[in-house]
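Please walk me through this protein model.

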Amino acid sequence: MSAPDLRRAAAARALELVEPGMRLGIGTGSTANAFVELLGERVRAGLDLVGVPTSEATHAAATRAGIRLATLEEVPELDLTIDGADEVDDRLRLIKGGGAALLREKIVAFASRRMVVIADAAKRVETLGAFPLPIEVNPFGLAATRRAVEAAILRAGCAGEVALRRTAECAPLLTDGGHHILDACLGRIPDPESLSAALWAVPGVVEHGLFLGIASAAILAADVDGTAEVTLLGSLD
């Protein structure tokens, strides 16, 4: 079974949580895109809700799907956010930001009563860190911020290369908020809470991709003998 099939299976299970009249945070990334497609089908069949997208890309996809959208200024409290993850451990700690939308994703998640992650089971890990940790930073003072980030990583007991994310044209990538992304290739993060605190102490760091204590559940889809088998971490209540 292909990765897109698994993403769609996880998204379909998450769609069962969506109720009429909901104020719904809508995530960013390949699995979130599968959710947007399925949600659009339900909306076109008569489901009424309002969605708050976590990126300009998701805004465009949701608009094409016919989903009614609002901003957090208009709808500051959300019932549920459905989003993907680059890694998730058994304590529902996440690495997010592979799609460079981590700042808006975290703001939307914090505005929600619940955040449910959807992913294929390959994203489940024992220890976070194999996926490079995105760190969103202000362009001003970039070199100084990068040095401070590297020092903070070492203080938190981690080690690895920190690289500026670039576009296909080799220009520094700009997020929807006009910031840059530093990707920290750490291999493993033995204490995500300590690293989170260390990064927050660095002026110039706008946000980082460690989502700790935010997700209430994760819906993970695995290929079992050619069939998508969906498992749950946490609680959907």
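The lining of the largest pocket has 7 nonpolar, 4 polar and 3 charged residues. Here Ala, Val, Leu, Ile, Met, Phe, Trp, Tyr, Cys and Pro count as nonpolar, Asp, Glu, Lys and Arg as charged, and the others, Gly among them, as polar. The model is a predicted one: local features need pLDDT of at least 70, side-chain atom pairs count only at pLDDT 80 or more, and totals for chains, interfaces and linings use all residues. Residues are numbered from 1 along each chain as its sequence is written, and side-chain values use heavy atoms, with hydrogens and water left out.

Stay with the pocket. Its space is about 270 Å³. A pocket is an open set of points on a 1 Å grid over the protein atoms alone, where a 1.4 Å probe fits, with protein on both sides within 12 Å along at least five of seven lines. Grid points are joined across faces, edges and corners, and the volume is the space filled by probe spheres set on the points. Lining residues have an atom within 4 Å of a point. In the largest pocket there are 14 of them, and Val-52, Pro-53, Thr-71, Leu-72 and Arg-104 lie nearest the centre. Strand 2 (50–53), helix 3 (56–64) and helix 4 (102–110) each supply at least two lining residues. Helix 4 gives the largest share, 3 residues. Helices (H or I, at least four residues) and strands (E, at least two) are DSSP runs, numbered from the N terminus.

Now turn to strand 9 (residues 180–185). Of its 6 residues, 5 are buried. Buried means under 20% relative accessible area, exposed over 50%, and partly exposed in between (1.4 Å probe, protein chains only). Strand 9 runs antiparallel to strand 7 (residues 133–137), joined by 5 bridges. It also runs antiparallel to strand 8 (residues 161–164), with 4 bridges. Two strands pair if DSSP finds at least two bridges between them.

Strand 4 meets strand 5 (residues 94–95) over 2 bridges. Val-88 has Leu-94 as its bridge partner there.

Phe-211 has two lysines over its face. Lys-106 lies at 4.8 Å from the ring centre, and Lys-96 at 5.6 Å. The rule asks for NZ of Lys or CZ of Arg within 6 Å of the ring centre and within 35 degrees of the ring normal.

Ala-100 has a positive phi of about 65°. It sits in the loop between strand 5 and helix 4, and counts as buried because its relative accessibility is 11%. Cys-170 also has a positive phi, about 75°. Its loop runs between strand 8 and strand 9. Cys-170 is exposed because its relative accessible area is 55%.

Finish with Ala-32, in helix 2 (residues 30–44). Ala-32 is buried, since its relative accessible area is 2%. Its C-alpha lies 16 Å from that of Ser-112, 80 residues apart along the chain.
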